[in-house]
Amino acid sequence: MQKSLDRKLAELRANPGGPAFILADAKDADMAWGAASPGVRWPNDGTGRFISMQEFRDQIREIVRLGLVDIMLGSVATMDELAGHEKLFADSPVTPAVRANDATDVWCMRGASYRTRPSRPFAGADLAEVQEAGVNLGLYSATFVNDLEADLRSLEAFKTFRLDARRRGFRYFLEVFEPNVDTGLAPEAVPTFINDHISHALAAVPRDSRPDFLKIPYLGARALEELVNYDTGVIVGILGGGSGTTLDAFQLLHDAQKHGARVALFGRKIKDAEHPVTFIRHLWHIVSDGLAPVEAVKSYHAELARLKLASKRTLADDLQRTNTLLAYS
């Protein structure tokens, strides 16, 4: 079966800035948050226990079987089970992907302080094992912090990864987070610092080794438009960041699409929703049907009521904007 991702990438390469939009669900939190990664069951049963990875993977199975996203991102362990052993994606338009590296700024173990130090590259995943599971797409992540030694390590690790990926015919998309530590830069300088690092990194990469697309924090219209316009051969997407309110998620998607993003990868925003399937369907209504974010929030709450499912916030509270962090932690 043709994957919707491949069709949309072809459309966007032929028509940069066209209407095609790619939506991804990030279910790879076990490579960052540990045992807490699947989250707490909703409605909350009062025990405070986290759901199991088996239940978490059931959520993935449902979303994939409904064909609700273009990419389903998971850990190697999850995709070995679902793609490799179950062949979940064999007759699905959804493309499986894995987190190909887990630099230290995504190490969010409870009680740990790793993320307070400059990001260091690390990859627990092995591309040969990933391909054996029938997965040929990965997320590679880098975080630049305005520290010469730290940023040099990150660039060297990216070079090693992309050369290995090219030898194996492995596809990837490149994620760049906000700095995870104080950079010494003024806040208004961070968006251009990130744009320049991305442009610099890709300047050394030939066409056949380039990422399928970028995944970056949304740091405002001006920064996004600058990167989109810099090289129209590069498809730019945005990451979701922290959960926030439902309006945070819907407004972010609306604004990013308006200013040139053609990919959105939401993890916690989907995972922490009261009903992820309904939440994803509303994301599509925004990018495909032009549904306004405020109206989408109201529609989402109406659907929760129809499903007799309690909402985590009142409608009034869910229509508020909050500041959600864009560094991973």
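The legends below describe close-up views of a predicted model. The model is predicted, with local features requiring pLDDT of at least 70 and side-chain atom pairs counted only at pLDDT 80 or more, while totals for chains, interfaces and linings use all residues. Residues are numbered from 1 along each chain as its sequence is written, and side-chain values use heavy atoms, with hydrogens and water left out.

**View 1. The closed barrel comprises eight strands in the order β1-β2-β3-β4-β5-β6-β7-β8, with parallel pairing.** From one strand to the next, the twist averages 25°. Strands (E, at least two residues) and helices (H or I, at least four residues) are DSSP runs, numbered from the N terminus; two strands pair if DSSP finds at least two bridges between them. Angles run from 0 to 180 degrees between N-to-C directions, with axes fitted as lines to C-alpha atoms, for helices over the stretch in contact. Strand β7 (residues 236-239) is joined to strand β8 (residues 263-266) by three bridges, and the two run parallel. Within this pairing, L239 has L265 of β8 as its bridge partner.

**View 2. Strand β1 (22-27) is largely enclosed by the rest of the structure, because six of its six residues are buried.** Buried means under 20% relative accessible area, exposed over 50%, and partly exposed in between (1.4 Å probe, protein chains only). In a regular strand, side chains alternate between the two faces of the sheet. Both faces of β1 are covered: one side carries the buried residues I22, A24 and A26, and the other carries L23, D25 and K27, also buried. Four bridges link β1 with β8 in the parallel sense, and L23 has A264 of β8 as its bridge partner. Another four bridges join β1 to β2, again running parallel, with I71 of β2 as the bridge partner of A24.

**View 3. Helices α1 and α3 lie against the strands.** Contact here means heavy atoms within 4.5 Å. Helix α1 lies across β1, β2 (71-74), β3 (95-99), β4 (137-143) and β5, and runs at about 135° to β1. Helix α3 (residues 76-85) packs on the sheet and touches β2 and β3, its direction making about 155° with that of β3. The buried residues of α3 are T78, M79, L82, A83 and G84; these pack against α2, β2 and β3.

**View 4. The largest pocket has a volume of about 550 Å³.** On a 1 Å grid over the protein atoms alone, a pocket is an open set of points where a 1.4 Å probe fits, with protein on both sides within 12 Å along at least five of seven lines; lining residues have an atom within 4 Å of a point. Grid points are joined across faces, edges and corners, and a volume is the space filled by probe spheres set on the points. The lining of the largest pocket has 26 residues, of which R13, P211, D212, G233 and V234 lie nearest the centre. Two or more lining residues come from each of α1 (4-14), α5 (148-168) and β5 (171-177), and α5 gives the most, with three. The lining divides into eleven nonpolar, six polar and nine charged residues. Ala, Val, Leu, Ile, Met, Phe, Trp, Tyr, Cys and Pro count as nonpolar, Asp, Glu, Lys and Arg as charged, and the others, Gly among them, as polar.

**View 5. The second largest pocket has a volume of about 370 Å³.** Its lining has 20 residues, of which W42, Q59, A273, E274 and P276 lie nearest the centre. Helices α2 (53-65) and α10 (276-289) each supply at least two lining residues, and α2 gives the most, with four. By class, this lining has nine nonpolar, four polar and seven charged residues. W42 is also joined to P43 by a cis peptide bond, with omega about -5°; P43 is placed in the loop between β1 and α2.

**View 6. K87 and K308 have positive phi values in loops.** K87 is exposed, with a relative accessible area of 52%. For K308, phi is near 55°, a positive value in a residue other than glycine. K308 is in the loop between α11 (293-306) and α12 (315-318), and is exposed, with a relative accessible area of 77%.
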